[in-house]
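Please brief me on this protein model.

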Amino acid sequence: IGLGERICVAAVGMDKDGKKHVLGFEQGSTENSGTCRKLLSNLIERGILDADENYLFVIDGGKALLKAIKEVFGNRVEVQR
């Protein structure tokens, strides 16, 4: 999400009823793997994600986000681009 000269990477989750919820966001100058990794780490620290669970991440084509997911969760999760 572009906000002026800054970029915010946002995480959106969907509940059982199909409602979307903003889970968190991280501000950075670009969408890079460090910014994405900070977002994922923040979600883990806040208890929104469990680093030991299996997830399906549905992401845009951004390579930085894919890299960050693999760095944080390894091969335990599925990613749909």
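Predicted model: local features only at pLDDT ≥ 70, side-chain atom pairs only at ≥ 80, totals over all residues.

Residues are numbered from 1 along each chain as its sequence is written, and side-chain values use heavy atoms, with hydrogens and water left out. Three strands make an open sheet in the order S1-S2-S3, with antiparallel pairing. S1 and S3 are the edge strands, each pairing on one side only. The structure holds one salt bridge.

**Sheet**

- Strands are DSSP E runs of at least two residues, helices are H or I runs of at least four, and both are numbered from the N terminus.
- Two strands count as paired if DSSP finds at least two bridges between them.
- Strands of a sheet pair through backbone hydrogen bonds, either parallel or antiparallel.
- Strand S1 (residues 2–3) pairs with S2 in the antiparallel sense over two bridges. Gly2 stands opposite Ile7 in S2.
- S1 and S2 form a hairpin with two residues between them. Gly4 in that turn has a positive phi of about 65°.
- S2 and S3 pair in the antiparallel sense over eight bridges. Gly13 stands opposite His21 in S3.
- S2 and S3 also form a hairpin, with five residues between them. Gly18 in that turn has a positive phi of about 85°.

**Buried positions**

- Buried means under 20% relative accessible area, exposed means over 50%, and partly exposed lies in between (1.4 Å probe, protein chains only).
- Ala11 is found in strand S2 (residues 6–14). Ala11 counts as buried because its relative accessibility is 13%.
- Ala11 and Gly24 are 13 residues apart in sequence, and 5.4 Å apart in space, C-alpha to C-alpha.
- Contact means heavy atoms within 4.5 Å. Not counting residues up to four places away in sequence, Ala11 touches His21, Val22, Leu23, Gly24, Leu39 and Leu43.
- Glu26 has its place in strand S3. Leaving aside neighbours within four places in sequence, Glu26 is in contact with Ile7, Cys8, Val9, Thr35, Lys38 and Leu39.

**Surface patch**

- Val12, Val22 and Phe25 form a nonpolar patch on the surface, with about 330 Å² of accessible area together.
- Patches are made of residues with over 30% relative accessible area and no salt bridge; like charges are joined within 9 Å, nonpolar side chains (Val, Leu, Ile, Met, Phe, Trp, Tyr) within 5 Å.
- Accessible areas come from the Shrake-Rupley method with a 1.4 Å probe; for residues, only the protein chains shown count as cover.
- Phe25 lies in strand S3 (residues 20–28). Phe25 is exposed, with a relative accessible area of 58%.

**Charged pairs**

- A salt bridge is a side-chain nitrogen of Lys or Arg within 4 Å of a carboxyl oxygen of Asp or Glu.
- The side chains of Arg37 and Glu71 meet in a salt bridge at 2.2 Å, N to O. The pair links distant parts of the chain: Arg37 in helix H1 (residues 33–45) and Glu71 in helix H2 (residues 63–73), 34 residues apart.
- Arg37 is partly exposed at 32% relative accessibility. Glu71 is partly exposed, with a relative accessible area of 40%.
- Glu26 is buried yet has no salt bridge. The nearest side chain of opposite charge to Glu26 is Lys38, 4.1 Å away. Lys and Arg count as positive, Asp and Glu as negative; His and the chain ends are not counted.
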